[in-house]
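I opened a new model today and kept notes as I went. My entries follow the order in which I looked things up.

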Amino acid sequence: MTTRLADIAAQAGVSEATVSRVLNGKPGVAATTRQSVLAALDVLGYERPVRLRQRSEGLVGLITPELENPIFPALAQVIGQALTRQGYTPVLATQTPGGSTEDELTEMLVDRGVAGIIYVSGLHADTTADMQRYERLRAQGVPFVLVDGFSPKVQAPFISPDDRAAMALAVTHLASLGHTRIGLALGPKRFVPVQRKIEGFVRAMQDQLGLSAETVEADLVQHSLYTLEGGQAAATALIERDCTAVVCASDMMALGAIRAARQRGLEVPRDVSVVGFDDSPLIAFTDPPLTTVRKPVPAMGQAAVRTLLEEIGGTPAPHSEFVFMPELVVRGSTASAPHVLRTS
């Protein structure tokens with residue numbers, strides 16, 4: 001074994017200790033060094049250890065939050081199809097309340113020898129989370145890509161929608177309809193997409209309506225949960241503050257906002273306009289059909305796969321964020337502000 005280690009070390013141009021770390025799947029070895037050792041094994045005709053051999057068999061992990069929000073299955077479908085077309089087998093791992101954590105799912109996928117992992121709306125989006133977990137994963141030689149969320153502390157490629165531009169689209173649309181009291185309903189503030197949406201919303205309210213940032217943040221931004229019930233609670237609070245329009249950070253929240261308006265005897269869009277975010281499947285068929293900001297899911301999913309496969313192939317993507325532009329889809333849940341004279 002010692003002779004074998006020496007041969008491999010000489011071929012790879014590294015120390016025997018480094019070879020040992022690679023063969024035993026230990027962290028602390030750069031991805032390029034790891035590849036050199038594995039290439040040396042192949043050149044010298046040695047079989048790769050089973051754990052390392054499995055990593056080349058084409059499994060790619062996809063870790064998503066719960067699948068109740070239809071935007072996550074939609075993204076998983078795009079990513080899964082793109083992987084399959086490239087000859088990889090997607091392994092979907094879903095976080096559920098009270099179920100497996102992201103770290104547990106990661107460990108499970110690494111133990112299965114996945115070639116790489118794509119994270120959607122994971123802990124990388126939480127500004128209070130410890131980002132060391134991703135550096136440990138990188139040290140194990142597992143390539144990964146992070147979707148929806150950004151951290152300057154993680155050396156990896158990120159894929160995101162332009163959350164600030166999304167809010168500008170929504171506010172500009174509502175302001176053009178005569179709305180001056182526009183509220184924003186969104187999730188907990190610790191998440192990067194939430195913080196970016198607030199920034200975009202505040203800036204758009206300043207540009208379109210001349211409101212101060214302090215007024216907007218104090219009076220027109222309501223945090224809740226990314227659920228139908230969360231949207232209902234946030235919209236109820238905003239309507240009580242005389243908002244005639246509510247922008248929501250997800251379509252699920254927007255459905256809750258419509259329910260909140262109806263519970264107060266108000267009609268959407270006659271009395272209250274509602275804008276969603278995502279353009280989830282079937283959202284065009286709600287009552288009324290939802291005006292929403294469409295998340296560029298196909299482009300984001302394909303970019304995530306393309307970037308990961310480059311990493312797997314030994315061409316690491318830069319530590320950067322690929323940002324995709326959303327688009328406004330106007331349907332039946334927005335109309336002129338109640339005080340604007342109608343000609344119909």
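First, a term I need: buried means under 20% relative accessible area, exposed means over 50%, and partly exposed lies in between (1.4 Å probe, protein chains only). I checked C248 against this, and at 0% relative accessibility it counts as buried.

Ground rules next. This is a predicted model, where local features need pLDDT of at least 70 and side-chain atom pairs count only at pLDDT 80 or more, while totals for chains, interfaces and linings use all residues. Residues are numbered from 1 along each chain as its sequence is written, and side-chain values use heavy atoms, with hydrogens and water left out.

**Entry: the whole chain**

I looked up the secondary structure and found 13 helices and 12 strands in the protein chain. Helices (H or I, at least four residues) and strands (E, at least two) are DSSP runs, numbered from the N terminus. The C-alpha trace spans about 85 × 35 × 35 Å along its principal axes. Of the 344 residues, 50% count as buried.

I then turned to contacts, meaning heavy atoms within 4.5 Å. Among those between residues at least 6 apart in sequence, 70% join residues at least 24 apart.

**Entry: cysteines**

How many disulfides does the count come to? I applied the rule, a pair of cysteine sulfur atoms within 2.5 Å, and got zero. C243 is in no disulfide, and the nearest cysteine sulfur, that of C248, is 11 Å away. That 11 Å is too far for a bond. C243 is buried, with a relative accessible area of 4%.

**Entry: T334**

I found T334 in the segment after β12 (327-329). Is T334 buried or exposed? It is buried, at 10% relative accessible area.

Next I searched for polar contacts: pairs of N or O atoms within 3.5 Å; within protein, one must be able to donate a hydrogen and the other to accept it, and residues adjacent in sequence count only if both atoms are side-chain atoms. The T334 side chain has one of 2.9 Å with the side chain of H173. Another, of 3.0 Å, joins it to the side chain of T291. Leaving aside neighbours within four places in sequence, T334 also touches other residues, including L174, L177 and P269.

**Entry: two helices**

I picked α6 (residues 102-111) and α7 (residues 132-139), which pack at about 5 degrees with axes 12 Å apart. The contact is made by E102, D103, T106 and V110 of α6 and R133, Y134 and L137 of α7.

Technical notes: Axes fitted to C-alpha atoms, helices over the stretch in contact; angles between N-to-C directions.
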